[in-house]
Amino acid sequence: MPLSSYLGKARRTGVGGTWTSSGPILPSSSSPSSKTKQRKARRRTALLNFLLSNIFTIALSISLLFLLLTILLYGIPHPISSRLNSRRHPYRKSKPKLASRIRRGNNSATGFATVDISTNDLYDKIEFLDIDGGPWKQGWRVSYKGNEWDDEKLKVFVVPHSHNDPGWKLTVDEYYDRQSRHILDTIVETLSKDSKRKFIWEEMSYLERWWRDASNMKKESFANLVNNGQLEIVGGGWVMNDEANSHYYAIIEQMTEGNMWLNDTLGIIPRNSWAIDPFGYSPTMAYLLRRMGFENMLIQRTHYELKKELALHKNLEYIWRQSWDSEESTDIFVHMMPFYSYDIPHTCGPEPAVCCQFDFARMRGFIYELCPWGEHPVETNQENVEERAMKLLDQYKKKSTLYRTNTLLIPLGDDFRYISMDEAEAQFRNYQMLFDYINSNPSLNAEVNFGTLEDYFRTLREEADRVNYSIPGELGSSFVGGFPSLAGDFFTYSDRQQDYWSGYYVSRPFFKAVDRVLEHTLRASEILMSFLLGYCQRPQCEKLPIGYSYKLAAARRNLALFQHHDGVTGTAKDHVVRDYGSRMHTSLQDLQIFISKAIEVFLGIRHDKSDQSPSQFEPEQVRSKYDAQPMHRVIATPEGLAHPVVFFNPLEQTRDEIVMVVVDRADITVLDSNWTCIQSQVSPELHHDKRNVFTGKHRVYWKASVPAMGLQTYYIANGFVGCEKAKPSALKYFSQSDKLSCPVPYTCKKLEGNDPVEIRNNHQVLTFDIRHGLLLKVTRPDGSVNMMDEEICMYTSSGGAYLFKPLGDAEPITKEGGLLLISEGPLMEEVFSYPMTMFDSSPASHSTRTYKIDSIQGLLIEKEYHVELFGSAFNDKELIVRYKTDIDNRRIFYSDLNGFQMARRQYYDKIPLQGNYYPMPALAFLQGSDGQRFSVHSRQSLGAASIRDGWLEIMLDRRLLHDDGRGLGQGVLDNHAMTVTFHLLFESNVSSTSDSMSNYHPLSPSLLSHLIGANLNYPLHAYISKKPQETSIRSLSKAFSPLSSPLPCDLHIVTFKVPRPLKYTQEAFQSPRFVLMLQRRHWDSSYCRKARSSCAVMSNEPVNILRMFKGLAVHNVRITSLNLLHEDPDILGYDEQVSEVQEGHLMISPMEIQAYKLEVRSQL
C-alpha cells in the first residue's frame, strides 16, 4: 500500500493531528490471571479454512460452535474506545493472544525473555579472528547458485537518502546554510519531476528550520510528496540520537519534540526508524520506539564480527525483544545493514570496488572524491546498460543471500548528499535506466525500483506472510513470522581490526555533565509549569508560564540537539562543541529564572506580576559562562538579618537530606520555615589548589526535609538570639610540607606517622591510606569489612575522540605525600586529598564524605573528583579511578543502558582491553557469588570496565593529541575543569539469589540503589533570596506540597508537563492539556532491608491518579504513546486490555514506562 493510503487511513488524527477526543482509557487493574490468553497460530489451520469457505452452508448449531471457537482463540471483542482503534496499519496483524500472562506485579517474580539469539551468546561463540574475506574483507566471498529466485523473484528497493548531522565538523547553523537547506530544496525539485523517484528524511531539526524559510509553494510540494508516498519521514526525531550516553529521558524528549512538530505541521506520524550512524545500539531505544508506535528499525554500526556471524545464518533481520520481557510485548522488527558503512560503496553488495562504480556523484566533474579502488562510475547509456545492469544486479543478488527473504533493501546515499540538482539527476537518471533494463527482462527474476523504508518493510512482511522462512526449532515471534528473536545490546562497536569505539563514552565529559544538569532542570521546570497552570484559576496567573513557553520550547530543542550522535558523544569539532555548550548554557539560565519566579508564586510572594519583572530569588549554583564549572553563590548575611533559602524537591518522595550552602562567615545560624533553630555544621570551603586549599569561605550543613515535588524554606541568620551557632568542624591534616595555615574559627591538628585514618557515621567506617589519601576499606557496625583499594591511574593512549586505544595497562599516578585534610562534625565527615603525583600539578583532587543521618544519604559514600587535565604533560593520557574490591565477580559487572535498564558485561580475553570498556550513563556494579554487591552511581555518562577479579574502573577524562581516522580531523584537547560525583554503595543480599556468574540475564539494582541514583540525578534545587530580611520580622514562609501523599518508592514520575503551553488557552475545551509519564522501577528484592524500612508504600497495588494531587481535580485521563501521538494500546505493543477503569486506578508492570494525557483543574 502506498504511503498516501497509510497517511490517509492510519496516521491522521483529530484536531491538530494529535489530541483526539475519545473517551478516557486507562490500564486495567483487574487481575490478569483471570484473563488467560492463548497464542494465535500464524496461519489458519485446515479446519478453520474449511469452516470459513463453507460458512454459509453450515447449520446454525455449527455456526454457534464456530463462534465459541472464535471466542476461545481470539477473546471477547472489546468496544472501540478511541477513533484510532479502527485505523489499523496496512500490514498489522491482529494482536496475538499470549499464553497466560505473568503479571510482573512484584519484583521477585519478574520474567526473562526467551529468545533465539542473545548478544552475550554471540560474544561467547565468535572467535574474533578478523579473517580477511577477500572483496568483502570482513566477511567472505559471497556467491549464489542462480535458482534462488525461481519461486519468488527478487524485489529490490533502492532507497535514496542523505545523512545530515546537526553538528559535527560544522555547527548546525553552518551545515544548514551551506548544505542542508540546499539538499531539501533539491529533494523537492527532483522528486517532483518523476513520480518513480523516492527519498527518505530523518532529522527534524533541519526540516523545521527549512519549513520556516521555505515558500508556500515549496511547502505544498513537500507535503504532496509525503502524501503520495514519494518522500517518507523516518524516525522523525529532532536528531538521530546517540544510544550509549543519552539518558532515556532525553531520548524521549528529542523524539517527542521532532514527532510532535511533524504531526502538527504535516499531520503524519513516523513508524519506521532509521539509525545508520550511532556508534552502537541500545535495546532501550528499541523499547522506547515500540512504545511510541514504531514497528520497524534499521541499524548499521554494530561490531563487524557480529555482522558476519548473523549474516552466516541469515539472521541480519530479527525481532528485538527486551531481556526482561517474557511476554513478547516489546517486540520490534529490525533490519541490520551487513557491511562496513552506509555509503554507496558499502551498500549495494559485498564488493565495494564494484558498488563504488554505481555512485554516480563520484563521476568526474562532481565535488566528491573518485573511487579509491581505481574503477570509477561512468554515465549509463544504451551501449553499456546491459553490462552495467548485470554487474549491479550481481551485487544485489549476492547481498540478497545474506537475508532470508527475497525482498532486498539498498540504501543510496551518504553524508550531506543530493546537494544540487546536477548530483540528484545523475543518480536518479542513471539508476532509472539500469532499473528499466532489469525490469524489462523477466528472465532475470528481479524487479528493482526506488523505494522508501515503508515500501520495503511492507513488501517484506507481505512476503513473510506468504512464505514461511522460520527455521525448525526457532522460537521467533508472533509479531512477525519467519525471523529469529534477539535480546541484548550492541556495545562496544568495532568497525575494523581492533579499533573499538569506547573513547566517546568519555570524550568531552564536562559537557556530558552539563547535558544532565539541563535535563533535570528542564524536568523541574516542566513540573512547576504544570502546577502553575493547574492551580491557576484566572487568566492573569497564566501570564508567567505562558510567557516563558518560548524559552521552554527552546530548552527542549537545545537538549534534543545535544543528543545528536556527534553531540553528547563529544565527537565534534571544537567550535561545534562550543556551540552546543552555549545553547545549553543559555537554556539553563532561562530555566533557572523561570524556576525562581515560579517559587515566588507558590510561596505567595508573586501574584499577578509580569514575567518581565525581576525575580527575588537566584540559583544557589551559578555558571559564569558556558564552559565554566558551576560555583556556589556565597551568602553574605549582615548582622540582624536572615537569608531565605528555598529548596525544590523534584522527586516523588519526601527528601530528608543534609544540604549545604556557602557563606562568607562561620558564625551563622540555620532556622526552619517556622523560625525554629536547627543543628548545623560549618566547614572550610576547599578547592583544587596545592598552594592553598582554603578559599576563605565556609560551607554550612544542616538537615532539610522537603516534601515530594514541593518547596521548603530555611533561613541563614546572623545574630539570631537564642540559637546555637553552626558548630565548626574539627580539622586534622597530614602533610609533609610546612605546617598548614589553619583558618578561623577552626582547630587544626597535624597527624603524625603512617597509621590509617578514619571517618564514620552510624552505618559505616571508612578507612584511608594516610600517605596517598586513598580509600582502603569500609567497615560496618556488625564488623563485616569490604576491602576497596582506591587508585587513580592513567592510560597512555593513541586513540582519539572516538577510539580508546591504550598502550598497555593504566599506571597509578599518586605518590606518598600530598595533603590530606579531615573534617569532622555532628552532621558530616570528610576526607579531602590533594595527592602528590608524578606531575608538577596533580590532575585530580578528591573528597570522600559520609553523612550522619538516618536516611538514604546516610547509607552511601559520596566521592567527588575534581579533574583538571590541562597542558602538554597530559597529552595522550586517559585518567581513570579504579576500585579494587574483594568481591569475586570474575570480571563480570553490570552497567546501565540509558539510565533505564542493566546489561551484563563480561571481560573477554579474546578481544582487547578497549573492547571490554562499556558505557556507564548512570550506574555500574559488581556482584560476588556470595551476594556482596558494590555499586557506583554517576550523574554523567562515562565508561567502565572490570579488567581483573574484584576491580571496577571508571574513566574520568581523556586528552588526545591526534585524530583517530574517523573523519573528525582533530584530537581532543579542549579539556575543562570539572567535578565528577559518584555515590558508592556496598550491599549484602538478605535472601538467596541466583548465581550471577552463570546467569546471563542482567541483574537489577536494589530498591535502595534506585533511590540513591534518583537522588543523585535529580538533586534538590536550591534558590537564595537576593535580599535578606530582618530577623525581628518573623513572617512564616509558606511551604508547597502538591502531592496528596508520596508516591510508592518504585514509581517514578518521568515527567509532568504541558506539551503545548502556547496552545494552552485554545485547547481548554478540546482535549487533555497535561501529560503525566510514569516509570515502574524493577528492583532486586534480595537487597530490600535498608530501603524498605523507609518506604511504606510500593506499587504492588494500583495508584489512584485522580487523587494524586492536593487541590487539583484530575479527569479525562487516557493512555498515550511515549511520543504523545497514539491512543490505541495495540499500536504501542501492550499485551493487556486497556480500557476505562473505575476510580482512576493505574497498574504498571515493573520496567514499563506509561504516559497519560489528562486534564487538571484547581479545586482551591
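This is a predicted model: local features need pLDDT of at least 70, side-chain atom pairs count only at pLDDT 80 or more; totals for chains, interfaces and linings use all residues.

Residues are numbered from 1 along each chain as its sequence is written, and side-chain values use heavy atoms, with hydrogens and water left out.

The structure holds five disulfides, a disulfide being a pair of cysteine sulfur atoms within 2.5 Å. Three of them, including the link of Cys 356 and Cys 371, are listed here.

| Pair | Sulfur–sulfur distance |
|---|---|
| Cys 356 and Cys 371 | 2.0 Å |
| Cys 536 and Cys 541 | 1.8 Å |
| Cys 742 and Cys 748 | 1.9 Å |

The link of Cys 356 and Cys 371 is left-handed, with -100 degrees about the S-S bond. Both cysteines lie in the loop between α11 (352-355) and α12 (385-400), so the pair ties together parts that are 15 residues apart in sequence; helices here are DSSP runs (H or I, at least four residues), numbered from the N terminus. Cys 356 is buried at a relative accessible area of 0%, and Cys 371 is likewise buried at 4%, where buried means under 20% relative accessible area, exposed over 50%, and partly exposed in between (1.4 Å probe, protein chains only).

The disulfide of Cys 536 and Cys 541 is right-handed, because the torsion about its S-S bond is about 95 degrees. Cys 536 is buried at 13% relative accessible area, as is Cys 541 at 18%.

For Cys 742 and Cys 748 the torsion is about 75 degrees, so this disulfide is right-handed. Cys 742 counts as partly exposed at 31% relative accessibility, and Cys 748 counts as partly exposed at 29%.

Methods:
Helices (H or I, at least four residues) and strands (E, at least two) are DSSP runs, numbered from the N terminus.
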